Amino acid sequence: MKRIVYQIFVYVFLAMFLVTSAMFIYELASSSTFNVWAILCLVLSLAALVGFVLNQVFYRQFGEKDETRYEKKECPHCHTKNDKDAPFCKNCGKDI
Ligand SMILES: [Zn+2]
């Protein structure tokens, strides 16, 4: 998962949670009893919260790992692209 997609999901879930919880409070304040809309808003805000947490978990498991796996370090001597955690250059063998 790309970082920008993750950030879009974070903002979407946060906005969804804020809107639905505000609607839930408004519904309870205006009717003072649990009605269908209030329950629907509560369910949606909980779903947004669960989606937000799941999004973070999936990003930590796949997104960050993928990003660091493809990250490259350039050799200062011959400018060959090496793996990020490589101690020596694969082309000239010098310490990087
Ligand atoms: Zn090199």
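Helices (H or I, at least four residues) and strands (E, at least two) are DSSP runs, numbered from the N terminus. This is a predicted model, in which local features need pLDDT of at least 70, side-chain atom pairs count only at pLDDT 80 or more, and totals for chains, interfaces and linings use all residues. Residues are numbered from 1 along each chain as its sequence is written.

**Figure 1. Overview of the protein, with two helices and two strands.** Along the sequence the elements follow the pattern α-α-β-β. The mean pLDDT (the predictor's confidence in each residue, from 0 to 100) is 84 for the protein, and 89% of its residues reach 70 or more. Among the elements, the lowest mean pLDDT, 79, belongs to helix α2 (residues 36–70), and the highest, 91, to strand β2 (residues 81–83). Of the 96 residues, 10% are buried; a residue is buried if 20 or more other C-beta atoms lie within 10 Å of its own, exposed if 12 or fewer, and partly exposed in between, with C-beta atoms placed from the backbone. Two residues are in contact if their C-beta atoms, placed from the backbone, lie within 7 Å. Of the contacts with a separation of 6 or more, 36% are between residues 24 or more positions apart.

Figure 2. Leaving out residues up to four places away in sequence, Ser45 touches Phe17, Thr20, Ser21 and Phe24. Met16 is 29 residues from Ser45 in sequence, while the C-alpha to C-alpha distance between them is 6.7 Å.

**Figure 3. Close-up of helix α1 (residues 3–31).** The 29 residues of α1 reach 42 Å from the first C-alpha to the last, close to the 42 Å expected at 1.5 Å a residue; the expected span is 1.5 Å times one less than the number of residues. Buried residues in α1 are Phe13, Thr20, Phe24 and Glu27. Ala22 also lies in helix α1, but is exposed because 12 other C-beta atoms lie within 10 Å. Ala22 and Ser45 are separated by 23 residues in sequence and by 9.3 Å in space, C-alpha to C-alpha.

Figure 4. The phi of His79 is near 60 degrees, a positive value in a residue other than glycine. Most residues other than glycine have a negative phi. His79 counts as exposed because it has 10 C-beta neighbours inside 10 Å.
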